[in-house]
Amino acid sequence: MIRLTLEELLSNPIEHYLSGLDKSSQHPRLACGRPTTISGYTEWLCWAAQPMSLGWDWQLGVVDQRVRWQRTELPRTNVQIINSAGVDLPWVQNLHCLATVVDSLAWPSAVRAQLASHQSNSPPYQS
Amino acid sequence: MADMARYRHRVFVEKLGWPLRCEGELEYDEFDRDDTVYVLAQDEEGDVVGTARLLPTTRPYLLAKAFPALWGGADLPCSPEVWELSRFAAADFGSSKGSPLAQFSSRAAIDLLRESIRLSALLGAKKIVTVSPLGVERLLRAANFESQRAGPPISVGGQLLCACLIPTVQAHFAA
């Protein structure tokens, strides 16, 4: 577990590591013509003295008649945010704090780029 | 023990294809010792339908020997308050419902994990550590188990694995 303040975390770049689709989402054409939801996961790293890891589940779906990328869970992580007195935030509060960091990242574009790379390297879907 | 070893062989060797050394159709390894603690789930006929293994981190354990890189560079746990959970499975081969590979999506799997956590607490653990595929970590979260990572996930044999810490006092137990 890596303990640091939020300011210390934000002073290091957080970089995309990898992303993937849930298997149930890999053939969205099965729902051709109907609104559907695509889901998956993404992993990000912050390299400091010890690597810090942030991962979360995401969903691409229609919200208010618009296609939106959404984080669907609190992050999975080895990061523990501490306050100015060096005291750990309670774990759930820690995850919510990290979620605000996640939500400030341009993660959808990184996930989209990785998925597009996977698709271009995959054989075409055959019914 | 033989029934458990046979069940482990079916799950980990036959179904999941893990390259484990076995004695015929029995799956044992060096961490099956006299001080190893097992949690077994059995059906009404007494057949094993779930298994979990608990090891104290004060003696050799799987994570420390086989997957130290998952610990993120920090000192590996060696404490009577930290136990390791491994060989966890809750696949009911006799059930016609669902996939036999469902580890955490079944009620039985959640109950087995809850009992494993409860037992480890009785043994003095405040946390259990486990090496999990990324998908299992996600399912832990979906089942409302609190867990923390020790480090970033690493690809091992083509599968993303991470080391997770699960506190033995879980908020959802109080619900």
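Author: Across the interface of chain B and chain A, the rule finds 4 salt bridges, a salt bridge being a side-chain nitrogen of Lys or Arg within 4 Å of a carboxyl oxygen of Asp or Glu. Take Arg76(A) and Glu137(B): they form a salt bridge, and their closest N and O atoms are 3.6 Å apart.

Before you go further, keep in mind that this is a predicted model, where local features need pLDDT of at least 70 and side-chain atom pairs count only at pLDDT 80 or more, while totals for chains, interfaces and linings use all residues. Residues are numbered from 1 along each chain as its sequence is written, chains are lettered from A and ligands numbered from 1 in the order in which they are written, and side-chain values use heavy atoms, with hydrogens and water left out.

Now for polar contacts. Between chain B and chain A, 10 residue pairs are in polar contact, both residues being at pLDDT 80 or more. That term stands for a pair of N or O atoms within 3.5 Å; within protein, one must be able to donate a hydrogen and the other to accept it, and residues adjacent in sequence count only if both atoms are side-chain atoms.

Which parts of chain B do the touching? Helix H4 (134–142) and strand S7 (148–149) of chain B are the elements that give two or more residues to the side facing chain A. Here helices (H or I, at least four residues) and strands (E, at least two) are DSSP runs, numbered from the N terminus. H4(B) brings the largest share of that side, 4 residues. Sorted by class, the side of chain B that touches chain A has 7 nonpolar, 5 polar and 5 charged residues. In that sorting, Ala, Val, Leu, Ile, Met, Phe, Trp, Tyr, Cys and Pro count as nonpolar, Asp, Glu, Lys and Arg as charged, and the others, Gly among them, as polar.

Counting contacts (heavy atoms within 4.5 Å), you get 17 residues of chain B against 22 residues of chain A. The area buried between the two chains is about 1500 Å², and carbon and sulfur atoms give 53% of that. Buried area is the accessible area (1.4 Å probe) that two parts lose on being put together, summed over both. Three arginines stand out: Arg138(B), Arg141(B) and Arg149(B) supply 46% of the area that chain B buries against chain A, more than any other three residues.
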